[in-house]
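I opened my notebook today to look up how this fold packs together. Here is what I went through, entry by entry.

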Amino acid sequence: MKKNESENKSILLTGATGYIGGRLLKKLEAGPYHLRCMARNPSFLQTRVSGATEVVRGDVFDVDSLKQALKDIDTAFYMVHSMGAASGFEEKDRIAAQNFCIAAHQCGVKRIIYLGGLGDDSGDLSPHLKSRHEVGDILRNSQVPTLELRASIVLGSGSLSFEMIRSLTEKIPVMVMPKWVNVMAQPIGVQDLLSYLEESIHIPLEKSRILEIGGADCLSYAGLMREYANQRGLRRMMIPVPVLTPFLSSLWLGLVTPLYARIGRKLIDSIRHPTVVRDKSAFEYFDIKPMTASEAIAAALRNEDMDFAQTHWFDALSSASDQAAGYGGVKMGGRLLDNREVFVNVAPDKAFAPIETIGGENGWYAWNILWKIRGIIDLLVGGVGMRRGRPERSLQAGDSLDFWRVEAVNAPYSLKLYAEMKLPGKAWLEFNVVPQDKGCVIHQTAIFYPKGLGGLIYWYGIFPVHALIFKQMLKNIAKAAKR
């Protein structure tokens, strides 16, 4: 890799709450950079970054806020898009990119790095991919040298494409296969993509340009599903069908995968045409040997048991805000969430105090009799029950807590518990305290990763009981915090 002389660069990262941006955040924090993250709600991001990372407020539709965020920055990562928007995303993306170019030029930014999508500009591209290319054109035609990386399917635990592949292959033994699943692509492992993004900070860039990047081999979604099934030891029958429009496919995906119909349709629209690397120029600039699709899937599967596997596509605020919680909570990836929040006008340590003392003889703040009954049922089926109690001291990672295990604790901001009772799946209970101007918000989230149909029946069957318990539980935690 050919690097510029200066190593200790000032970097602005946008989109740090998204799937790629969130993982890039951790990679850049491990490097020799002065890192600044821009977010519309800095408090949401503040607890996710290291102490050395600066978090500032910024909105791509507010040029003045962009100027503040881009002040004294050498390299800016533009990781903004509106894929989750219901309508008008093209105009929003256009205005956002134009605003960013204006502010970057006025602040003397030396380089913009943008992640776009592979696809022939002369072809009949989907509206989403056309918009991604248009944003790249706006950035590259600005007065700031811009490097646009174009990539195809991203393979990593939690990525949009991988979640679809995993969910379809796991849940459906006999699959109907429309034409779009046989279109060729050049998938790239998420770790390779992150390496390309970081090395983009250093490669020589006298003028704006596009570099196409991809994994070591080319194959279709059908090929990816076969490879996934092979690695998971699943036997799957795939039946090709001549008609299944993107609209009908998206509705079908919404029923059997984590994708809701609007995102599914945009995803399918984007892969109706080949997305393979045609220009090999990237090999002249990057010292990276990409993984094969098989290696990328294996790496993703190794991360499946890591709750949310660092970050997910649905971490993006624009996507999450479009998912309304209905019966059963919210589907996020392969997981089901019951998320609740309450504002309390106390400091974080006061809000966290009742959370840190939960369990054991102190109880669970609501319907303790139901917790005890659940413990008895767990004992009867060979589980640990509620008999382990809790330590008298403050909780630490690894502690047992009734039929939970403390997976992580970061007082006074977060506590994550992993369920060790007998379940048709895996479960976590997580508390997060997010500071606000005049207090803080307590987030309480029950997370369930169902195992097959039995897991889904369990979650949806017991959801009314969970709703009763968790609603009252958070209410009483807030009361205790105020006391």
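**Entry 1: a helix pair.** Before listing who meets whom, I noted that a contact means heavy atoms within 4.5 Å. I also kept in mind that this is a predicted model. With that cut-off, I found that V63, L66, K67 and L70 in α3 meet N99, F100, I102, A103, A104 and Q106 in α4. Sorting the residues of this contact gave me seven nonpolar, two polar and one charged.

Next I looked up the geometry. Two packed helices are described by the angle between their axes and the distance between the axes. For α3 (residues 63–70) and α4 (residues 89–106), the axes come within 9 Å and cross at roughly 45°. The two helices are therefore oblique to each other. I wrote down the hand as well: α3 passes α4 in a right-handed crossing.

**Entry 2: the whole chain.** I stepped back and counted 16 helices and 18 strands in the protein. Of its 483 residues, 55% count as buried. I then turned to contacts between residues at least 6 apart in sequence, and 72% of them join residues at least 24 apart.

Entry 3: I listed the buried ones as V190, D192, L193, L194, Y196, L197, E198 and E199. They pack against α1, β4 (75–78), β5, β6, β7 (154–155) and β9 (188–189). I followed L197 on its own: leaving out residues up to four places away in sequence, L197 touches I20, L24, F77, M79, I113 and L149.

**Entry 4: one glycine.** Last, I looked up G425, which sits in strand β17 (residues 425–436). G425 is partly exposed, with a relative accessible area of 21%. Beyond residues up to four places away in sequence, G425 touches F448, Y449, P450 and K451. I also checked G425 against R335: they are 90 residues apart along the chain, and their C-alpha atoms are separated by 9.9 Å.

Notes: Residues numbered from 1 in each chain as written. Predicted model: local features only at pLDDT ≥ 70, side-chain atom pairs only at ≥ 80, totals over all residues. Heavy atoms only, no water. Axes fitted to C-alpha atoms, helices over the stretch in contact; angles between N-to-C directions. Helix = DSSP H or I, 4+ residues; strand = E, 2+ residues; numbered from the N terminus. Parallel < 35°, antiparallel > 145°, perpendicular 65-115°, else oblique. Left-handed = near helix turned anticlockwise from the far one by under 90°. Nonpolar A, V, L, I, M, F, W, Y, C, P; charged D, E, K, R; others polar. Buried < 20%, exposed > 50% of the residue type's maximum accessible area, 1.4 Å probe, protein only.
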